[in-house]
Amino acid sequence: MISVCMTTYNGERFLDQQLTSILQQLKPEDEVLISDDGSSDGTRTLLQQFEAQDARIHLFDGPQKGVIANVAFVLSKARGNILFLADQDDYWLPNRVKSMLAAFDSHPDVQIVLADLAIVDDQGTIIHPSYFDLRQVKVGKWQTLIKNGFIGAGMAITSQLRDKALPFPPNIPMHDMWLGMLADKNVYLLKEPLTYYRRHANNVSEIATTASFTQKFRWRWHLFWAYVGQKSRKK
């Protein structure tokens, strides 16, 4: 089985479309885990309606300690062998699950399949046809440390990588960057846009961070030492 892991916060506007695009690709034995982090709009009501109509959906109350903690929480609940990360406001193209599972089957040593994304605006109009091209995405722990190309909205991971990554260390910049570091070069780049990655005024994350050089350095300093510490603990 596979697990789709989604975190939500005030995402009512696009959530119906996203969940519908996901559910139509899943088998009856799969699961969709959604951790809502205290939404104050209609998100919670909409999710409860979906949960009542589809037994594959399981809704949780998030820890309300920020997006990284919420992602860690929902990943910890997943029972599948392959875990798909999902944003609340995107749209999965119809062949996303099939194509990404095929990549895992064809490359048994891979821990992450990262599929390309088409960047769209809030109306669904394509702004840029390829996230990979825009960010010049490359893999490897050192490349990730210098310039992160990993994006949760395009990722699926093995449960083994999840077990290695949790608990997330404090002060990491973002969960997807941490997962990319740990996977190192055991990553398959699926160079086909399989998600409409929606950018609008209320996005939690940025495509390219506007943080200062000092803040970027601090993030990478924490990430590097978290990686060193994790490797030491696993010996």
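Predicted model: local features only at pLDDT ≥ 70, side-chain atom pairs only at ≥ 80, totals over all residues.
**Overall fold**

Residues are numbered from 1 along each chain as its sequence is written, and side-chain values use heavy atoms, leaving out hydrogens and water.

The protein has nine helices and nine strands; these are DSSP runs numbered from the N terminus, with at least four residues (H or I) for a helix and at least two (E) for a strand. Of the 235 residues, 51% are buried, meaning under 20% relative accessible area with a 1.4 Å probe, protein chains only.

**Helices H1 and H2**

The axes (lines fitted to C-alpha atoms over the stretch in contact) of H1 (residues 12–23) and H2 (residues 43–53) come within 9 Å and cross at roughly 25°. H1 and H2 are therefore roughly parallel to each other, a label for angles under 35 degrees between N-to-C directions, on a scale from 0 to 180 degrees.

H1 brings Glu-12, Leu-15, Asp-16, Leu-19, Thr-20 and Leu-23 to the contact, and H2 brings Thr-43, Leu-46, Leu-47 and Phe-50.

**Helix H8**

In helix H8 (residues 175–183), nine of the nine residues are buried, so H8 is largely enclosed by the rest of the structure. Among them are His-175, Asp-176 and Trp-178. Asp-184 follows H8 and has a positive phi, near 55°.

Technical notes. Parallel < 35°, antiparallel > 145°, perpendicular 65-115°, else oblique. Contact = heavy atoms within 4.5 Å. Buried < 20%, exposed > 50% of the residue type's maximum accessible area, 1.4 Å probe, protein only.
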